[in-house]
Amino acid sequence: MSSETGRTQQPPAAEGPVPAEDTPAGPLQDTAQNATRVESGREAPQDELLQYDDGYGQTIGVGPHPLPWPEGERYDPELLASGDRRNVGDAYRYWTREAIVADLDLRRHDFHVAVENWGHDFNIGSVVRTANAFLAKEIHIVGRRRWNRRGAMVTDRYQHVRHHPDTADLTAWAAAEGLPIIGIDNLPGAVPLERTELPRRCVLLFGQEGPGLTEEAREHASLVCSIAQFGSTRSINAGAAAAIAMHAWIQRYADVPDPRDAG
């Protein structure tokens, strides 16, 4: 998130066909292309994205399920046979992706997350991963259709992701749904997030690392909230700012279980 003003990123020219998966340029791209496992733990195409644990630390997940296998359409026979090394909670082990999404749909929260994508910012993946962790209703990519998925750690597969070619399209969609757009950026005139009660139903809109929210995004936002800072830096990371804003919503509206009740 940035406090810079007057630096508006314009939408790029048409980009041509959009591939099914997107990888960042440079060393990370080489790493992703060398991946051999996908979320199921099976062999993967060379362009498949890595799981967060691939090649690092202790292997997550579980191995093949012992016989007899559990019954039900939610279970994936291949996962039961070969093991489940995906980046999912233990409650979803061996479930198909479709079954996991269907279960999440029963309890998604009432806030949406939108992020501008004019310059292929690598922080977008981090925003998406956090939106999954806090169970946002939908994720909205504004600008380029292709976005840097590396930091999402495959969590976008369990979310509903909607594309908007520009901010006007996002605004029209939000208006039709009765959702106010709340921009998050440290800008002149922004109100402190810490002293603001976010609407229960809303769209949290984030800009890119560096330029922050574009001028167009600021004009379309019903409200812009800033995040209090006390150190020497002029801004904080866009992915971190998104996590702070989403957690502010969670603190106000989510049904957070008390671990003491489990006993």
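**Stop 1: the pocket**

Start with α4, which gives three residues to the lining of the largest pocket, the largest share of that lining. Element names here follow DSSP runs numbered from the N terminus: helices are H or I runs of at least four residues, and strands are E runs of at least two. Before you go further: this is a predicted model, where local features need pLDDT of at least 70, side-chain atom pairs count only at pLDDT 80 or more, and totals for chains, interfaces and linings use all residues. Residues are numbered from 1 along each chain as its sequence is written, and side-chain values use heavy atoms, with hydrogens and water left out.

Now select Leu104, Arg107, Asn132, Ala133 and Leu135: of the 18 lining residues, these sit closest to the centre of the largest pocket. A pocket here is an open set of points on a 1 Å grid over the protein atoms alone, where a 1.4 Å probe fits, with protein on both sides within 12 Å along at least five of seven lines; lining residues have an atom within 4 Å of a point. The volume comes to about 410 Å³, taken as the space filled by probe spheres set on the points, with points joined across faces, edges and corners. Colour α3 (97-105) along with α4, as these are the elements that give two or more residues to the lining. By type, the lining has eleven nonpolar, five polar and two charged residues. In that count, Ala, Val, Leu, Ile, Met, Phe, Trp, Tyr, Cys and Pro are nonpolar, Asp, Glu, Lys and Arg are charged, and the others, Gly among them, are polar.

Stay on Leu135, in the loop between α4 and β2. What is its phi near? Phi of Leu135 is near 55°, a positive value in a residue other than glycine. Leu135 counts as buried because its relative accessibility is 8%; the scale is buried under 20%, exposed over 50% and partly exposed in between (1.4 Å probe, protein chains only).

**Stop 2: zoom out**

Show the whole cartoon: seven helices and seven strands, in the order α-α-α-β-α-β-β-α-β-β-β-α-β-α. Buried residues make up 45% of the 263 residues.

**Stop 3: the cores**

Next, select Phe111, Val113, Leu204, Phe206, Met246 and Trp249. Of the 30 residues in the largest nonpolar core, these touch the most other members. Such a core is a set of buried Ala, Val, Leu, Ile, Met, Phe, Trp, Tyr and Cys residues joined through side-chain atoms within 4.5 Å. Helix α7 brings the largest share of this core, seven residues. In soluble globular proteins, nonpolar side chains tend to be buried together.

Centre on Trp249. Leaving aside neighbours within four places in sequence, Trp249 is in contact (heavy atoms within 4.5 Å) with His109, Asp110, Phe111, Leu198, Pro199, Arg200, Cys202 and Ala254.

**Stop 4**

Jump to Thr167 in helix α5 (residues 167-177). Is Thr167 buried or exposed? It is buried, at a relative accessible area of 1%. Not counting residues up to four places away in sequence, Thr167 touches Glu116, Trp118, Val142, Glu216, Ala217 and His220.

Then pick Ser226 in strand β7 (residues 223-226), which counts as buried at 15% relative accessibility. With residues up to four places away left out, Ser226 touches Asp185, Asn186, Ala190, Val191, Pro192, Leu193 and Glu194.

**Stop 5: the loop between α1 and α2**

Last, go to Pro68, in the loop between α1 (27-33) and α2 (77-82). A cis peptide bond joins Leu67 and Pro68, with omega about 0°. Most residues other than glycine have a negative phi, and most peptide bonds are trans.

Gly72 is in this loop as well, partly exposed at 48% relative accessibility. Its C-alpha atom and that of Trp95, 23 residues apart along the chain, are separated by 9.6 Å. Asp76 also has its place here and, at 17% relative accessibility, counts as buried. Beyond its neighbours within four places in sequence, Asp76 is in contact with Tyr94, Trp95 and Thr96.
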